[in-house]
Amino acid sequence: MLAWTIYISFFGAAILLLLPKRAASFARCLALFAATSSCGIALAAFLRHRTGEFFTIVDKPWIPSLGIQYHLAADGISLSLVLLTGIVAIAGVLFSWNIEDRTNQFFAFYLLLIGAVYGVFLSYDLFLLFVFYELVIIPKYFLIANWGSTRREYGAMKLAIYSFVGSAMVLVGLIAAYVGAGSSSMSLDKLAGFPFSAHFQMVAFPVVFVGFGILAGLWPFHTWAPTGHVAAPTAASMLLAGVVMKLGAYCCLRVAMTLFPLGLGTWSHPVLGITSWRETFAILAVIGILYGALVALVQRDFKFVIGYSSVSHMGFILLGLMTLNLMGLSGAIIQMISHGLLAGLLFAVVGRMVYARTHTRELAALGPMNLSSALPFAAVTFVIAGMAGMGLPGFSGFVAELMIVIGAWRAFPVLAVGVGFGILIGVVYVWRAMQKAFFAERRHELPPPHPLQPITVPEKIAAALLIASSVAIGLYPQMVLNIIQPALHSPLFAGLRQGGW
Amino acid sequence: MSTVQPTYSQLLSLAIPQIILVCTALLVMAIDLLPLRRATLSTRFTSAGILGSIGCAAAASYIALAHPNGNLLGGVLLGNAFTELLQIAILALTVAVLLLSSGSTFTRHVGEYVLLILIATVGMLFLVSTQDLLVIFVSIELLSLSLYTLAAFNKQSRFSWEAALKYFLFGGMSAAFLLFGFSLLYGLSDSTSLSEIAAHIHGLSPLLVIAIVCVTVGLGFKVAAAPFHFWAPDIYQAAPAPSAAFIASGSKVASFIVFFQLASIGFAGAEGAATWGHFVRGWIPVIAVIAALSMVLGNFVAIRQSSVRRLLAYSAVAHAGYMLLALTAHTQQSLAALVYYVATYSAATIGAFAVLSIVEAQTGSDRIGDLPGFSRREPVLSFCLAIFLLSLAGIPPLAGFFGKFYLFVATLQSSRGSMPLLWLVILAIATSAVSLYYYLRVLKASYITAPETSAARTAIHVSGQAIPRAVCVLLAAAVVLLGAWPSLLLQPLITALPPRF
């Protein structure tokens with residue numbers, strides 16, 4: 001049943017491409033229907049499989065001569081991320097209700113992207129996973145290059161090339177692993193169970209991890225992210241930050257770390273005082289956290305603030321993965337979900353609620369517009385999303401960051417201090433952006449040149465949906481923890497457990 | 001050497017497809033010159049193209065139904081499941097080219113044009129079904145001489161003959177190299193049969209080195225591998241679209257197969273090795289260096305092109321580099337991978353040329369700068385172009401992706417355990433990441449850039465291209481189908497592989 005999340009999205013995209021050009025409102029409804037029904041399926045599956053155990057959805061031979069299966073499966077981790085995708089997808093459709101230019105094509109690419117994302121989360125065969133993973137690139141490119149704003153063609157091309165380079169690295173690693181394991185199967189558990197030599201794992205792990213890490217905004221390969229986010233139309237930046245970057249992080253955990261657990265072990269010779277890839281990536285993650293936060297602090301463009309904050313938040317996820325303890329890993333997964341919801345919300349506020357109305361994202365220009373009284377809903381939403389993102393108790397961000405910090409404290413006490421600073425700067429940049437954009441001091445009582453459109457109903461519904469999900473996780477994190485922790489205890493992660501936690 | 005005395009009936013049964021083609025060629029010529037003399041050019045082209053296709057279809061169905069089987073004079077003429085498959089593939093590509101030419105108006109010598117295409121096809125059919133130096137050389141010359149003429153067929157265009165003359169001069173030189181190499185091989189072994197030659201090769205004598213180099217130069221020219229590719233950009237750009245498509249597709253299939261057989265059977269015993277840092281003298285390092293050179297040069301020079309046809313030419317150089325990887329591996333599986341790759345590559349290339357020929361008919365130019373507006377004018381065709389180019393770039397789920405994946409897997413598998421050719425595979429994957437950039441540039445022009453140039457505005461509607469359009473759509477469907485379900489071609493291919501390689 002869960003496989004229908006993929007099929008509905010692809011099918012919806014195909015119908016949208018065939019629709020006549022003027023059926024814009026029908027296209028919107030169709031896209032909303034596709035997004036809602038696949039989210040409904042995801043929710044039903046989430047509720048049914050409360051234990052988080054691994055289960056197979058489809059398993060059919062695909063390319064028998066190479067041992068490649070069409071194998072879709074899910075466990076607690078993928079289930080919760082599939083649900084996240086569903087929620088963000090609905091919100092994205094609602095926030096793009098105002099797209100008038102080539103609406104059909106827009107939603108067709110949008111649904112293609114969503115379907116491919118579902119596919120990555122659900123595939124268990126690595127060939128299939130890679131197919132979906134690369135399938136994400138092309139709709140992303142067209143969404144940004146066609147419907148984007150600032151330097152859209154540059155941003156789109158940069159994003160496509162970075163993603164493709166990342167997936168090329170992944171492909172090298174996967175092919176080497178497949179051939180090294182006897183070329184009989186691409187199944188994740190078969191390859192993860194194969195005893196690759198420690199030397200091979202040491203070499204393959206960083207290649208595959210960085211390959212996926214590029215999409216997860218791993219510093220210093222993050223530069224596509226801010227430009228891409230800024231150039232993208234609202235729904236695309238919501239998906240990019242909310243879901244697509246999570247693909248990278250998810251695959252880092254699901255593929256790179258499970259396939260090559262020995263790659264995380266200590267080197268025979270420390271280099272510059274660093275003794276393993278694990279430490280290397282943990283340090284890069286912390287640099288990402290601090291760098292993203294500091295750069296967000298000095299941006300003039302509202303959307304760049306959010307773009308860099310994404311880099312910072314993704315750093316938390318990667319750090320959580322590198323802690324290799326249950327606390328840190330669970331925190332990383334919750335952070336994926338939390339950041340997916342909140343980044344989506346922040347981009348929606350900036351891109352749709354503010355930019356689409358004021359046509360500027362300069363913080364200095366937004367201040368005098370007196371937005372807190374002109375667009376009170378936008379202001380309130382931004383305050384909530386910002387607070388949740390900086391880790392206010394009661395929201396998902398708090399749970400996630402707390403768990404990651406505790407995990408990091410156990411694994412790398414020194415780095416945990418850096419993380420603390422990162423959280424602190426996070427408070428400052430959100431505060432600064434909020435102050436400048438919404439609550440700047442009124443200098444002159446200039447009436448705005450044209451009255452700003454009030455916030456529409458679809459936007460309110462979408463914002464409420466995202467906020468409610470974040471609050472739900474913040475108030476009752478067990479809801480997600482109960483489903484991801486059994487998954488982390490499954491035999492798939494045995495290699496990691498033996499190495500570390 | 002086969003001891004059984006060959007009979008003419010055996011020879012006849014193996015050569016019937018070629019005979020059918022020759023008869024068709026004469027028939028086409030006669031019909032074009034007698035009853036259709038007063039008809040319009042496009043009618044003549046259409047009827048000649050359809051008639052030629054019927055001939056090809058008849059030959060293909062004879063092969064598929066009668067299964068001509070045998071081995072004449074120790075490999076002079078072969079018939080087995082594998083040659084059957086190759087011949088059918090070549091005939092299918094020829095049909096696509098013939099149908100593509102229907103409706104064109106570039107020459108008044110329609111009968112001759114189609115005749116030459118069919119004669120060239122006869123050369124290809126012989127080429128893939130022989131393992132004898134003499135027949136190889138004669139078929140290559142039959143093929144090449146037809147191609148030189150086909151390239152020069154547009155007598156109104158100065159560039160067409162200039163390019164054809166260049167092609168002819170380079171081709172003549174490469175034929176001389178090839179013949180010199182063949183004569184040395186004959187001198188070394190007293191035989192023209194590939195397996196006999198291999199039996200007489202003991203170690204790497206200086207003469208054999210010269211022979212290997214000469215043969216590599218000659219065939220490297222045929223497959224347009226760097227540094228023997230200089231004819232390709234001009235021919236791709238200036239030859240009439242069907243000729244260019246034909247040179248880029250069917251002749252590539254035949255040349256690669258014969259290259260593979262010559263190297264892997266004829267030079268058996270003089271392989272050498274191309275492990276990184278441990279080159280051992282032999283033919284493999286020669287091919288490996290040419291492959292690496294082609295991949296790097298093709299991909300990087302393609303970035304700078306402003307004409308789509310020249311871009312395709314340099315991308316063909318790059319693809320020749322990828323395909324040469326299969327030679328360096330020279331296993332059964334790599335042969336299967338080579339056939340899959342070259343067949344799907346040819347389909348995508350013919351498709352791209354088909355779309356380009358329609359673009360040129362409309363705007364009179366194949367420059368990337370004149371593409372804007374194409375997607376609005378021709379949504380279906382531009383979608384097909386996207387499929388062809390993305391398949392060439394290797395984006396799943398298109399055929400080009402599986403081709404690359406399988407080729408790289410087969411290359412790595414060439415020897416168990418150590419993966420001596422890993423560096424070549426890494427280079428191939430890295431350069432293919434570069435290639436996405438220039439393919440996306442073309443798509444960006446077609447889909448995203450606003451139409452401003454005069455060529456786009458003055459685009460005229462050209463009628464009477466129903467058949468080329470249908471060819472585009474069918475080829476696009478084939479590329480998608482073979483990508484999503486590779487077993488369609490792979491399964492028959494693997495069962496048909498000859499036992500000995």
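This is a predicted model: local features need pLDDT of at least 70, side-chain atom pairs count only at pLDDT 80 or more; totals for chains, interfaces and linings use all residues.
**Entry 1: confidence**

The model has an ipTM of 0.89 and a pTM of 0.92. For chain A I noted a mean pLDDT of 87, with 98% of its residues at 70 or more. Chain B also comes with an average of 87, and there 95% of the residues score at least 70.

**Entry 2: where the chains meet**

Next I looked up the contact between the chains. It involves 27 residues of chain B and 25 residues of chain A. On the chain B side, helices H17 (399-412), H18 (422-447) and H21 (487-496) each give two or more residues. Which of these elements gives the most? My answer is H18(B), with 12 residues. I then sorted the chain B side by class and got 22 nonpolar residues, four polar and one charged.

I moved on to the domains of chain B. The contact takes 29 residues from domain 1 and 37 residues from domain 2 of chain B. On the domain 1 side I listed helices H3 (81-101), H8 (206-222) and H9 (231-238) of chain B, each supplying at least two residues. H3(B) gives the most to that side, with 10 residues. The classes on the domain 1 side are 21 nonpolar, eight polar and no charged.

**Entry 3: H3 and H21 of chain B**

H3(B) packs with H21(B) at an angle of about 145 degrees, and the axes lie 8 Å apart. From H3(B) I wrote down Ala81(B), Phe82(B) and Leu85(B), which meet Pro492(B), Leu493(B) and Ala496(B) of H21(B). How does this contact divide by class? I have six nonpolar residues, no polar and no charged.

**Entry 4: H13 and H19 of chain A**

In chain A I looked at helix H13 (residues 302-323) against helix H19 (residues 413-437), and found an angle of about 160 degrees with the axes 11 Å apart. The cut-off is over 145 degrees, so H13(A) is roughly antiparallel to H19(A). I recorded the crossing as left-handed. Among the residues that meet are Phe302(A), Val305(A) and Leu319(A) in H13(A), and Gly422(A), Gly426(A) and Tyr429(A) in H19(A). By class, this contact has seven nonpolar residues, four polar and no charged.

I finished with the backbone. Most residues other than glycine have a negative phi, and most peptide bonds are trans. Leu324(A) is not a glycine, yet has a positive phi of about 60 degrees. I placed Leu324(A) in the loop between H13 and helix H14 (326-358) of chain A. In chain B, Ala226(B) and Pro227(B) are joined by a cis peptide bond, with omega about 0 degrees. Pro227(B) sits in the loop between H8 and H9 of chain B. I also noted a cis bond from Pro396(B) to Pro397(B), where omega is near 0 degrees. Pro397(B) belongs to the loop between helix H16 (379-393) and H17 of chain B.

Definitions and conventions. Residues are numbered from 1 along each chain as its sequence is written. Chains are lettered from A and ligands numbered from 1 in the order in which they are written. pLDDT is the predictor's confidence in each residue, from 0 to 100. Two residues are in contact if their C-beta atoms, placed from the backbone, lie within 7 Å. Helices (H or I, at least four residues) and strands (E, at least two) are DSSP runs, numbered from the N terminus. Ala, Val, Leu, Ile, Met, Phe, Trp, Tyr, Cys and Pro count as nonpolar, Asp, Glu, Lys and Arg as charged, and the others, Gly among them, as polar. Axes are lines fitted to C-alpha atoms, for helices over the stretch in contact, and angles run from 0 to 180 degrees between N-to-C directions. Angles under 35 degrees count as roughly parallel, over 145 as roughly antiparallel, 65 to 115 as roughly perpendicular and the rest as oblique. A crossing is left-handed if the near helix is turned anticlockwise from the far one by less than a right angle, and right-handed if clockwise.
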